[in-house]
Amino acid sequence: MKIIKAQKLAYFDTSHEMPLEIIMAAGFTPYKILGDVHQSNDPADKHLSNFFCGAAKSWLTEALARSKEWAGIIFAQGCNNTNRHYDIWKVHVQTPFLHWFGAPLLDSDAAKKYYRVELQRLISHLENQFNIKITPEKIREAIIKSNEIKKKLQRLSALRAQKDIPNRDYLAAMIKCLTNPVDEVSAWLDSEIAAWNSKPSFPSGKKQFLLTGSDITYVEWMDTLEDCGIRIVRDDLSVGERFFATLIPDKSDPLDALIEYYMNIPKPATRPTIQKRLDYLYKALGETKVDGVLSQNVKFCEPFAYDSVPVNNALKDKGYKVIHLERDFSPAADQQLANRLMAFVEMMEVGNNG
Amino acid sequence: MAKTNNSAENDRKIKLKTLPHAKDLKWPMLWWFTMGSIYHALPWKKTAWTCAAFPIELMWIYDIFPDHPENMATVAAARKQSQRLIEHAEGMGYSRDLCSYCKTSIAAYDTKIKKTLGGISKPDIVVCTNAICDTHWKWFQIMADKMNVPFFMFDIPKWVSGTDEKTLQGNIDYVVEQFYDLIVFIEKHTGKKMDEKRLYKVLDKSTELSDLWREIFEHRKAVPSPYSGAETSASFFPLVVLPGVQVGINFFKKILADIKNLTAKGEGTMPKDKEKYRVMWEGIPFWYRMRFMYDLAQYGAVITFEPYTYSFAPEKKKCNTMEETLRDVAKLIMDTPYAYNLERRIEHFEKWIDEYKIDGVILHENMSCRPSSAGMVDLAEAIMRDKGIPVLILQCDMNDPRAYSEGQIKTRVEGFIELMEANKGK
């Protein structure tokens with residue numbers, strides 16, 4: 001099979017487990033499947049019951065409609081059901097290339113060894129399928145490009161607490177970076193950093209929040225937060241800081257570099273331990289003084305629902321003002337949630353948030 | 001008057017015959033509860049929390065008592081305690097959408113209820129795998145942190161549809177390496193040392209226990225069925241926590257003898273000539289409403305096979321070296337029928353449907369077990385297409401009675417029975 005220049009190779013990734021640099025080194029544009037909250041999930045509902053996460057259903061709906069545009073699909077082991085989704089996609093989604101990448105949950109020596117085996121299996125599958133050679137040099141080039149994007153996102157992200165940057169602009173930037181060609185994104189980020197720098201200072205009427213929990217993949221939820229007077233200035237989302245919090249180290253063997261990077265990025269709820277996840281939150285909260293913490297969960301997203309109790313309790317014990325809420329995977333504004341958020345912000349203003 | 005009517009109705013009821021030695025289940029249970037009390041009471045004895053698909057034998061090899069939060073959650077449900085415990089856990093902040101075993105267990109520990117009602121004590125170590133679900137490790141880690149107890153998690157790679165042999169061997173390598181990490185963990189936190197003689201003794205007993213259960217299942221192929229899912233759902237208990245221990249073997253031997261006796265006489269668990277439909281049940285039972293399985297008898301239906309209890313009795317190889325043993329156990333952990341990938345699930349279900357002469361399949365779409373429930377639509381379609389028998393998908397919950405709607409379930413079961421009847425006439 002021949003590669004069409006800049007063709008997208010899609011990936012199913014519930015957090016940030018997919019080694020994008022291998023896709024880039026293979027000559028493809030990594031495309032994170034994020035679904036479309038505006039499309040009905042009827043196509044996916046035929047295969048998944050009503051108590052499955054709306055985001056995963058939306059991804060399946062997108063794949064059923066668009067898989068022919070993609071060179072293939074790679075699944076990275078993520079949450080509880082990723083392997084089950086793979087099985088269902090294998091039956092129903094038409095694609096010339098479907099690969100399971102068994103990203104380990106642990107970061108032990110045994111896990112590192114297994115990660116290497118899985119990286120080599122992915123490389124070999126891509127090479128055989130597309131008749132290409134993924135050399136160490138190509139992976140190194142991809143790592144350099146990846147780090148460039150991460151550094152630019154770090155600069156962009158830091159401006160959230162200083163300038164008047166609407167919540168949706170940050171999420172839109174993240175989504176653009178996860179779904180478009182790296183070179184295109186890199187140039188766009190330069191102009192965006194300049195544009196954000198020229199914006200007015202952080203507005204006095206807004207509260208600064210750290211956002212934690214399930215990933216956000218559509219801007220309407222960010223708008224709801226905005227309308228409630230909340231500005232997200234820090235987060236630990238995979239479509240967010242986890243993607244760029246750390247850089248891929250410089251090592252003579254590029255696979256070693258990828259192993260070290262992917263096993264040491266801030267942990268999502270799908271990876272042990274809760275303490276490691278808390279460590280990043282404490283670090284972020286130490287670096288940026290926020291007014292409150294918003295912990296939010298997409299309905300049926302189990303890993304973050306489990307974590308929310310110990311994580312939120314730990315943050316409250318440290319004196320942070322935390323609100324937790326569960327939202328549907330829907331662009332429609334939920335006035336009840338908005339009322340709770342507004343009440344929380346109001347209580348902050350009068351200094352009575354319990 | 002009402003009493004008289006009920007009595008007359010009861011007389012007309014079709015009752016499943018229980019095996020003569022079914023009541024002997026109390027002995028392995030009593031043994032396990034007593035051992036638990038002793039191990040918790042004596043300071044030099046050690047205890048662990050373990051979960052399904054964790055190699056329990058390792059605990060017995062190290063003389064560590066394997067407590068089992070899931071098992072205790074089922075006890076709480078059977079004793080009608082699970083709803084209040086689940087609601088207590090939800091009051092602690094755990095979502096309604098999370099696993100009802102987990103919430104039952106977290107609240108059982110928090111409220112310190114009695115063991116006989118499903119209570120559980122603080123262990124010396126917490127060990128688990130993610131072979132069945134991620135809930136296991138999330139739940140166990142949350143509790144290990146809360147109790148301030150050392151925690152070990154086995155990361156089991158996923159055997160997805162189409163996995164080739166080379167990948168499978170790589171997955172096994174990873175699991176085997178973790179066995180050595182686990183051994184270091186156990187020895188560090190319990191001070192106990194591996195005794196190789198004891199290892200092979202425990203493994204031999206575990207194999208014997210599994211083999212007995214598999215032999216019992218061979219006899220369940222008989223028509224009429226001698227042993228229903230209503231009974232196996234309770235009697236498989238030794239496979240959960242006693243693999244490697246003699247007491248479970250003794251019990252299974254008696255059950256097997258009872259079954260052989262019944263089949264030799266051509267009798268089954270249903271009264272003579274009443275068995276009309278042989279049903280396969282997939283998923284975890286409704287522990288708070290075990291009567292559901294007995295009530296199927298009113299329609300002439302008997303649960304003849306269920307992959308769930310069968311999962312606990314894999315075919316174990318006789319191995320000669322430690323490495324060979326660990327590789328076999330590693331593969332078995334990944335190969336549990338309850339966690340089969342979709343392709344293997346369809347392949348095995350269709351084989352079992354033939355072997356056990358199944359007339360219809362009930363799939364419990366368990367809101368507390370998404371990994372098991374995912375793919376059920378495809379599984380149902382494949383069975384109906386390839387085997388031409390009806391499949392009923394029942395959405396419910398294993399431990400949360402709030403999900404059980406008596407009227408709705410009855411209506412759906414009756415529709416399913418009608419479909420099996422119509423299918424027989426074809």
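This report describes a predicted model of a structure with chains A and B, from their interface to selected local features.

## The interface between the chains

Chain A contributes 46 residues to the contact, and chain B contributes 48 residues. Between them, the two chains bury about 4,000 Å², and 57% of this area lies on carbon and sulfur atoms. On the side of chain B, the residues that lose the most area to chain A are B:Lys138, B:Tyr174 and B:Arg370, which together account for 16% of what that side buries.

Polar contact across the interface of chain B and chain A is found for 24 residue pairs, both residues having pLDDT 80 or more. Several elements of chain B give two or more residues to the side that touches chain A, namely α7 (134–147), α8 (165–190), α16 (342–355), β7 (360–366), α17 (370–373) and α18 (376–387). Sorted by class, that side of chain B has 20 nonpolar, 16 polar and 12 charged residues.

## Salt bridges between the chains

How many salt bridges are counted between chain B and chain A? The count is five. One of them pairs the side chains of A:Asp307 and B:Lys138, with an N to O distance of 2.6 Å. B:Lys138 is also among the residues of chain B that lose the most area to chain A.

A salt bridge also forms between A:Lys113 and B:Glu177, whose closest N and O atoms are 2.4 Å apart. Because A:Lys113 lies in helix α5 (residues 109–130) of chain A and B:Glu177 lies in helix α8 of chain B, this pair joins two chains. A:Lys113 has a relative accessible area of 51% and is therefore exposed, the cut-off being over 50%. B:Glu177 has a relative accessible area of 26%, so this residue is partly exposed.

## Salt bridges in the whole structure

Over all chains, a search of the whole structure finds 65 salt bridges. In chain A, a network of salt bridges links A:Arg160, A:Arg234, A:Asp235, A:Glu241, A:Lys283 and A:Glu287.

In chain B, the side chains of B:Glu218 and B:Lys221 meet in a salt bridge of 2.9 Å, N to O. B:Glu218 has 46% relative accessibility and counts as partly exposed, whereas B:Lys221, at 18%, counts as buried. Another salt bridge joins B:Glu275 to B:Arg278, with the closest N and O atoms 2.9 Å apart. Both B:Glu275 and B:Arg278 are buried.

In soluble globular proteins, nonpolar side chains tend to be buried together. The largest nonpolar core of this model has 281 residues, and those with the most contacts inside it are A:Ile22, A:Trp89 and B:Phe292. The largest share of this core comes from α8(B), which supplies 10 residues.

Which residues does A:Ile22 touch, not counting those up to four places away in sequence? They are A:Leu119, A:Leu122, A:Ile123, A:Leu126, A:Ile134, A:Ile139, A:Leu255 and A:Leu258.

## A buried glutamate

B:Glu306 is placed in the loop between β6 (301–305) and α14 (307–310) of chain B. Is B:Glu306 buried or exposed? Its relative accessibility is 2%, so B:Glu306 counts as buried, for which the cut-off is under 20%.

The side chain of B:Glu306 is joined to that of B:Thr232 by a polar contact of 2.8 Å. With neighbours within four places in sequence left aside, B:Glu306 is in contact with B:Phe217, B:Arg220, B:Gly229, B:Thr232 and B:Trp281.

## Backbone features

Most residues other than glycine have a negative phi, and most peptide bonds are trans. In chain A, the peptide bond from A:Pro272 to A:Thr273 is cis, with omega near 5 degrees. A:Thr273 is located in the loop between α11 (254–264) and α12 (274–287) of chain A. In chain B, the bond from B:Val223 to B:Pro224 is cis, with omega near -5 degrees. B:Pro224 is located in the loop between α9 (196–219) and α10 (229–235) of chain B.

Positive phi values occur at B:Lys80, near 60 degrees, and at B:Lys357, near 50 degrees. B:Lys80 belongs to the loop between α4 (69–78) and α5 (82–91) of chain B, and is exposed, with a relative accessible area of 60%. B:Lys357 belongs to the loop between α16 and β7 of chain B, and counts as partly exposed at 42% relative accessibility.

Conventions
Residues numbered from 1 in each chain as written. Chains lettered and ligands numbered in written order. Predicted model: local features only at pLDDT ≥ 70, side-chain atom pairs only at ≥ 80, totals over all residues. Heavy atoms only, no water. Contact = heavy atoms within 4.5 Å. Buried area = accessible area lost by both parts, 1.4 Å probe. Salt bridge = Lys/Arg side-chain N within 4 Å of Asp/Glu carboxyl O. Polar contact = N/O pair within 3.5 Å; in protein donor to acceptor, adjacent residues only side chain to side chain. Helix = DSSP H or I, 4+ residues; strand = E, 2+ residues; numbered from the N terminus. Nonpolar A, V, L, I, M, F, W, Y, C, P; charged D, E, K, R; others polar. Core = buried A, V, L, I, M, F, W, Y, C linked by side-chain atoms within 4.5 Å. Buried < 20%, exposed > 50% of the residue type's maximum accessible area, 1.4 Å probe, protein only.
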